[in-house]
Amino acid sequence: MNKCKAAVLTKIQGVCLTNLALAGLGLLASSTAAAADLRPADLRCEYLRNPLGIDLLQPRLSWKLESLEQARGAKQTSYRVLVADSLEVLGKDEGTLWDSGRVDTRQSSQVVYAGKPLASRTICYWKVKVWHVLGTVEGAAAGKESAWSQPALWSMGLLKPEDWSAKWTSMQQSQWAPTEDLGLPKPANGLSSRNSPQLRKAFTLAKPVKDAQVSICGLGYYELFLNGAKVGDHVLDPAWTCYHKNALYVTYDISKDLKPGPNALGVQLANGIYNQEFGDPWGFKTALWRAFPQMLLQLDITFTDGTKQRVLSDETWKASDGPIYWDQLRMGVMYDARREHPGWSQAGFDDSAWQPAILREGVKGKLAAQVCEPIKVMKTLKPVNLVKGDGFYEVDFGQNIAGWTRIRVTGEAGTRITMDYGAHGANIEGKPLQTEVYTLKGGGEEVWEPDFTYNGFSKVRVSGFPGTPAKENFEARVVHTAFEERGAFECSNPLLNRIGEMTRWSYIGNFVGIPTDCPHREKNAWCGDAQAAAEIGLTYYGSEAAYTRWILDFQAIQRDDGKLPCMVPGSDWGFDKCDGPAWEIAYIAIPWHLYEYRGDRRILEVHYQNYQRWLDWYRKHPAINKGQIIYYGLGDWCSNETQTPVEITSTGYYYAAAKRIAAIAGMLGRTDEEREYSALAQEIKQAFNREFYHPETGLYWTGSQTAMSCALYHGLVDPANRDRVVNNLVDSIRKNNFALDCGLLGSKYLLRVLCDNGYAEVAYAMVVKDETQGWVKMLRTGNTTLWENFLGLGSDNHVFLGDVAAWFVNYLAGIRPDPANPGFQRFWIRPETPGDLTWVKAHHDSPCGRIKSEWKKAGKAFALNVTIPANSTAEVFIPASKADEVTEGGTQLLPPGPAGQASATEAIGVKFLRMDSGRAVYEVGSGDYRFASTLMN
């Protein structure tokens, strides 16, 4: 656990460890509460547990309901939320900041705080109780009352510019030290990236501390130290943004780590992308934000007697260069341990030789709180092999990752060890690329890992290592945004399990603060890759807070005329090259997925007017919009053989955007705008069919997999033509021996379209196809992540073709959000049972709790076990030859009799709805269910 967050949490945990302590604060169930059959748990604010320093004035709260007995049909009928400014007051069941009163609703997520206005540095303690019904009984009084939940908290950051008293601070830039033997370019225009600054501030506290919160923005990256120890466990902090438009600060609670008497803060700064001095194709060397590393830091202390003290970044700090004499995010870190300042962040350190800090220009854009999970070291891997080469050792970790290598070494002072992770063909000026250099200080074992870079690799070449290294000298540190795992999939076909594993490694390796294309040569947030991969993240990971934060970069960088770039964050590149609707649609598509999977309306509301401006750019641009057909942009990237014209996919996403914006307008009650965008969508659909559909053949364009599936996926096909188009697509796939012939965009459409139209067998055959380019072909190479393209040229770690992993859970296991009821309060379990699959097991942690789907088949016998979380309802689709052959828990389920009469026999909590394309459909509430049926011929 983050050490500093733990300091705050002990304020909660200290009163929650025993029932006696809870009773002392009044946190046990009140005397009027019934037995806690159902209780609220997993309290979150803005998707996060106990977040610190947020800057949302009306944050959203959520909880899940735990059913101790897993009773069927358990659901909330009402809630009451209390928010107080102290734990003691909250323990008395008083909400000094907000008492929602009893609110009659099933809503348990996205509950908007509606209490008193919140000020900077306020710590908000909260809890919730619910009223609920269990089983199938609908009580007239709307159910039993639960006990109060355990308390949780959030704290507010610095909400207004005037709340910051700190000043942007750095150091005089050091002279460049000659390192031509390493091939380093000389610094340009004085913006040296050598000798990354270290800054320190000693201060004295005269009294015991009650509360202390420190907020820091260190650009490009920082590490914060207090009294000789690193604060927190973040790395590569803060997340990379469009620094000329917005920068992020992070807040820590250090109440337990300050002590009366001498204290000291230390900050190590680094360059990141903020000060990139080498050229690349995307213009980061000349970025509008580029400046020497600097920081803004404010520590607000409240003593036990109520008095306050502040420690600020300003010219009273002391500064020096240090052991890092080169750091660039893509290039690497070079560290000379002989240049360390032992004890530099401790109170007693002699800094008389250090120079005074200087004030810097700061950032011109908005300073905002980093309201998402930080980047962390998430796992450590041991080598699987160590091979001696010609002048180097190759260390193989057996898994392609994003991260770096930690070394353990003993040797003489001045020994220089180089770790080369490979360039991967990047078109970047200068060298080395993906290289770390460590120079020993001598005197015993030294353990080192870099701080301010990361690499994409499975192997690393190590040269200069003293003596003969062993595997024990090396560890791979896996680095990515620290979101939780929220889903899993396993089945009887090991190929699918390995494809899923490859995809998940690719996804986490390409989410290091921002969603990226690859973790080695670029590390860029290409929006097309991001939108195609978003459902992987929302199915398997709790990536919603990270996406919500990243979407703010679109808002920041969007031009006045509404145009967006293809890559976000960025400086001024990508607005007129490598862009187009299929890439820019990420700004709408990902928030729409957040709405579907997490029930998040606010993100659509916040960005709605920006969506309008973006759509208008395409709507009114005479050179690229010709009769509502968009002749512009990147198309089906890295297609296998057939390249579908860009105007097909660009117009498809133009249509999808019009539909989504019309739907958002409807949510907001903007009926005139809803009609306007609905009419626009209809115009686009008609134009698309006039231009690309051939009635004589039933084909879109020439019938490519991407063209046909694009039309079907986006809903562009007229209902009268749908069966014909689907049949033609399926026939062409069969004639092509089930080979995949599409690119990034087509792979997103194809499998989903086939299943939605009754051809899961065809989709499955394409996934397991071995002889031609596709997923299995990638597996056969021995790679552990997905390629950039079908041929394996270029990057060996992209999320290319990765949506298949989401398809596994959504279709093979059948766990799918209901489009009409977002957020999984009502959802579908509709499994597909194709090919040689004999069993599937999956789960997904929804806003209401864990959903499980497990099925097996043997001959015509089919069994499906499902778990529905409390406060949820599901429609379960059971493959069956006849409805009366379905059982649940051994009880036969009969359809309603004549005139809607109830079934003669019905399992508790199971309601027959209808027959649907060879499936019996039942409505079930929370609980565990065991269905069995006979499969159709």
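Contacts between residues 24 or more positions apart make up 74% of the contacts in the protein chain with a separation of 6 or more. The model is predicted. The protein chain holds 17 helices and 50 strands. Of its 937 residues, 62% count as buried.

**Overall dimensions**
- The radius of gyration of the protein chain is 29 Å.
- A compact globule with 937 residues would have a value near 30 Å, so the chain agrees with that expectation.
- Along the principal axes, the C-alpha atoms fill a box of roughly 95 × 70 × 60 Å.

**Surface and charge**
- The accessible surface of the protein chain is about 33,500 Å².
- Carbon and sulfur atoms contribute 49% of that surface.
- The protein chain carries 100 positive and 105 negative side chains.
- The centres of these two charge sets lie 2 Å apart.

- Strands of a sheet pair through backbone hydrogen bonds, either parallel or antiparallel.
- β2 covers residues 60-67 and runs antiparallel to β1.
- Six bridges join β1 and β2.
- At residue level, Cys45 has Leu61 in β2 as its bridge partner.

Key. Residues are numbered from 1 along each chain as its sequence is written. This is a predicted model: local features need pLDDT of at least 70, side-chain atom pairs count only at pLDDT 80 or more; totals for chains, interfaces and linings use all residues. Side-chain values use heavy atoms; hydrogens and water are left out. Two strands pair if DSSP finds at least two bridges between them. Helices (H or I, at least four residues) and strands (E, at least two) are DSSP runs, numbered from the N terminus. The radius of gyration is taken over C-alpha atoms; the globule rule is 2.2 Å times the number of residues to the power 0.38. Buried means under 20% relative accessible area, exposed over 50%, partly exposed in between (1.4 Å probe, protein chains only). Contact means heavy atoms within 4.5 Å. Accessible areas come from the Shrake-Rupley method with a 1.4 Å probe; for residues, only the protein chains shown count as cover. Lys and Arg count as positive and Asp and Glu as negative; His and the chain ends are not counted. The place of a charge is taken as NZ of Lys, CZ of Arg, CG of Asp or CD of Glu.
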